[in-house]
Amino acid sequence: MVAQGIPEIGSYIAFLFVSTVALVIILRLFVSPRDPRPTPEKKKPFESGQIAAGPGRTRFIIQYYPYLLMFVVYDVIAMFLFAWGLNLRALGASGSIPVLVFIVVLLIPLGYALHLANHRENW
Amino acid sequence: MAPVLGPLQPIVDMLTSPLFLEIVLFPGLLSIAIIGALLGWLERKVTARVQLRIGPLYASPAGGILQMFADLIKLSFKELFVPENSDAFFFIMAPTTGLVLGAALVGLIPFAPGLQIANIEVGLPAFLAIITLSPTLILLAGWSANSKFPFIGGLRALFQQTAYEIPLWLSALGVIMMAGTMNLAQIVDAQTGGWYILPQALGAFIFLVTSVAEMERLPFDLPEAESEIMMGWQAEYPGVLFLAAQGPGFVKLYAFSALFSVMYLGGFLGPSFLPSLFWMLLKTLIVIVLIMLLRSTFPRVRLDQLLRAGWTTLLTLAILNIGITYLLVVGLPTL
């Protein structure tokens, strides 16, 4: 290991260094005066130099919302395959048949969902 | 060591234990901070080289190598304020939690036999599960800033995650099927006969593309696209918080390149005339430079292009890769 070659005093210096950096960041974040010279312009949200107009959390067109729904379903389903992949050598070809059927069965609704998701005006 | 220090002895023992030194020095916090800063310099140099510029030059005797440290000092002395009407707690919490997550990723990587902070059985899924949290943090940062550009950037991060996440996991599944284990050190040991880059070439390609998308680097840097939405979710961060928002990007680059070396390039395996740590760092550096060259070569994609490519091309290729791996491991079906 690399760590064993380092003299004892070196580890103290490194520890002091790291904790000093961390302490400085923490002090900067929480202890130092938050806003010594407040001006109204400074705290305005950034809009490329214009005066900010309207609410910050604006409306956002969710034309990709079907992808979010598909993600919620298929990300969980993909995790089931990990249990199969880990034990693939033990299961062999005969033990894998249900999982392969499972994958094929999943692909059919996935294709249909993608077909619907590509009709972006349907959301 | 004789107990000569009295009541301080347990503290001294803890501070000099190998695990503590690994956490603090290498591959832990100190090396992560230094390597992250050096990667910032390397990225600017590589990009400048591709674009026929010089890049950072003045901040040291050797090619501006101290530039990022100078930036670090400058940023930490800047005034710290929180924009009005923003949710201050989440605004500060999101980037600092991102730093912690980035450091946790490096803790899972085996850099040499035994030189690994957390050698857990589910190392590979744990790595990918930790990285899954980062788009959520970006969405939180964008929402709490109460400003238009960060909000758009946060929502883009959310949609982008749906595009790359499933191909990323499924391409990692190919390696798990080949190795029969999820432990990263054992995955490296399983590659003594040959690196997985050859049988898993398709999986390695998908993993590289999706991990670049996960790191939000060009050509997939939609959440921070500085020419479209002004650094996106990072737009409102001042001083030290901007540093905390930028830093995880480089730490993730380091961790993902190390993971790519572990999964496909044989990790710390190599000819024995040099230490295994050298081979690991060399492979990591090669992957890092490859990803930086991607950044300086390709233009940015649109969100709908990324979603469509992720859900059709990458997902199909990932399932095809699982089929190929199945045939490689189990063999052709005999009827």
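**Notebook: chains A and B**

Leaving aside neighbours within four places in sequence, I found B:Leu307 in contact (heavy atoms within 4.5 Å) with A:Tyr64, A:Tyr67, B:Phe159, B:Thr162 and B:Ala163. I note that this is a predicted model, in which local features need pLDDT of at least 70 and side-chain atom pairs count only at pLDDT 80 or more, while totals for chains, interfaces and linings use all residues. Residues are numbered from 1 along each chain as its sequence is written, chains are lettered from A and ligands numbered from 1 in the order in which they are written, and side-chain values use heavy atoms, with hydrogens and water left out.

**Entry 1: B:Leu307**

I placed B:Leu307 in helix H13 (residues 303–330) of chain B; helices are DSSP runs of H or I with at least four residues, strands are runs of E with at least two, and both are numbered from the N terminus. Is B:Leu307 buried or exposed? B:Leu307 has a relative accessible area of 0% and is therefore buried. The classes I used are buried under 20% relative accessible area, exposed over 50% and partly exposed in between, with a 1.4 Å probe and protein chains only. I then looked up the pair B:Leu307 and B:Phe159: 148 residues separate them in sequence, and their C-alpha atoms are 7.8 Å apart in space.

**Entry 2: the interface of chain A and chain B**

I recorded 60 residues of chain A and 66 residues of chain B in the contact. The size of an interface is often given as the accessible area lost when the parts come together. Here the buried area (the accessible area, with a 1.4 Å probe, that two parts lose on being put together, summed over both) is about 6000 Å², and carbon and sulfur atoms give 75% of it.

How many salt bridges did I find between chain A and chain B? The count is zero, where a salt bridge is a side-chain nitrogen of Lys or Arg within 4 Å of a carboxyl oxygen of Asp or Glu. For polar contact, the rule finds one residue pair across this interface, both at pLDDT 80 or more. A polar contact is a pair of N or O atoms within 3.5 Å; within protein, one must be able to donate a hydrogen and the other to accept it, and residues adjacent in sequence count only if both atoms are side-chain atoms.

On the side of chain A that touches chain B, helix H1 (8–31), helix H2 (65–86) and helix H3 (88–117) of chain A each supply at least two residues. H2(A) gives the largest share, 14 residues. I sorted the residues of this side into 39 nonpolar, nine polar and 12 charged. In this sorting, Ala, Val, Leu, Ile, Met, Phe, Trp, Tyr, Cys and Pro count as nonpolar, Asp, Glu, Lys and Arg as charged, and the others, Gly among them, as polar.

**Entry 3: chain A by itself**

Chain A has three helices and zero strands, and its elements run α-α-α from the N terminus on. Of its 123 residues, 25% are buried. Among contacts in chain A between residues at least 6 apart in sequence, 58% join residues at least 24 apart.

**Entry 4: salt bridges**

Side chains of opposite charge can pair when their charged atoms come close.

B:Arg295 pairs with B:Glu43 in a salt bridge, with the closest N and O atoms 3.3 Å apart. B:Arg295 lies in helix H12 (residues 276–297) of chain B and B:Glu43 in helix H3 (residues 29–50) of chain B, so the pair ties together parts that are 252 residues apart in sequence. B:Arg295 is partly exposed at 28% relative accessible area, whereas B:Glu43 is buried at 4%.

A salt bridge also joins B:Asp71 and B:Arg44 (3.4 Å, N to O). It links helix H4 (residues 67–76) of chain B, which holds B:Asp71, with helix H3 of chain B, which holds B:Arg44; the two residues are 27 residues apart.

I next looked up B:Arg156 and B:Glu228, which meet in a salt bridge at 2.9 Å, N to O. B:Arg156 is in helix H7 (residues 148–179) of chain B and B:Glu228 in helix H10 (residues 226–229) of chain B, 72 residues apart. B:Arg156 counts as buried at 14% relative accessibility, and B:Glu228 as partly exposed at 41%. A network of salt bridges links B:Arg156, B:Asp221, B:Glu228 and B:Arg300.
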